[in-house]
Amino acid sequence: MICMVYISSAILGLNDRQIANIVRTSQINNEQLGITGILLYNNGNFMQLIEGEEEKVEALYEKVRGDRRHTGVTLLLKEPITHKNFDNWVMGYRNIDNLKKIEPELLSPFLDEDLNFSIYKKNPYRALQFLEMFKKIIS
Ligand SMILES: Cc1cc2nc3c(=O)[nH]c(=O)nc-3n(C[C@H](O)[C@H](O)[C@H](O)COP(=O)(O)O)c2cc1C
């Protein structure tokens, strides 16, 4: 199994309904593929982790990479894993804006960075830390 994490920018004007559509499709498709993960949206940017069988995850990443609803898709991490970290998430989705209000102290060190691309590109493991923390807050 592998896990892949990428960041990207939503195209201008992508609205909540369109994001809800992406999430719904993802939940249906990923369940069939045995792929789990999490999709975060903050201020026009996405961060997504997908995990599962190598070939399936790679193929999904290629499909998502070509999706015209986002641009600048940048792979941060691709790693072999022995177990799934987001096992009970078919494709959890969170809009960080809402969470900011609930957990400002926990999230602020990460959100000051605002899913800032350069920080995560320099230190991809920070993205993993960030996602792990999310999992803890939400579950
Ligand atoms: C940010 C983002 C994340 C996405 N994540 C997934 C995903 O996890 N699984 C998935 O099947 N599609 C995902 N998609 C949608 C795919 O690019 C594609 O539109 C969809 O899989 C097509 O599904 P269909 O073949 O059932 O019509 C994502 C799209 C975007 C913009």
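**Exercise 1.** Determine how far a polar side-chain atom of Gln-48 lies from an oxygen atom of the ligand.

*Solution.* The criterion for a polar contact is a pair of N or O atoms within 3.5 Å. For Gln-48, the distance from a polar side-chain atom to a ligand oxygen atom is 2.9 Å. The protein covers 78% of the 620 Å² of accessible area that the ligand has on its own, with areas taken from the Shrake-Rupley method with a 1.4 Å probe. This is a predicted model, in which local features need pLDDT of at least 70, side-chain atom pairs count only at pLDDT 80 or more, and totals for chains, interfaces and linings use all residues. Residues are numbered from 1 along each chain as its sequence is written, and side-chain values use heavy atoms, with hydrogens and water left out.

**Exercise 2.** Find the distances from the side chains of Asn-29 and Asn-30 to the ligand.

*Solution.* First, an N or O atom in the Asn-29 side chain is 3.0 Å from an oxygen atom of the ligand. Second, the Asn-30 side chain places an N or O atom 2.7 Å from a ligand nitrogen atom.

**Exercise 3.** Classify the shell around the ligand by residue class and identify the element that gives the most to it.

*Solution.* The shell comprises 6 nonpolar, 6 polar and 3 charged residues; Ala, Val, Leu, Ile, Met, Phe, Trp, Tyr, Cys and Pro count as nonpolar, Asp, Glu, Lys and Arg as charged, and the others, Gly among them, as polar. The element that gives the most is α1, with 5 residues; helices are DSSP runs (H or I, at least four residues).

**Exercise 4.** State how many aromatic pairs a search of the whole structure finds.

*Solution.* The search finds 3 aromatic pairs, the criterion being ring centres within 6.5 Å.

Key
Polar contact = N/O pair within 3.5 Å; in protein donor to acceptor, adjacent residues only side chain to side chain. Helix = DSSP H or I, 4+ residues; strand = E, 2+ residues; numbered from the N terminus. Phe/Tyr/Trp six-rings, centres within 6.5 Å; stacked < 30°, edge-to-face > 60°.
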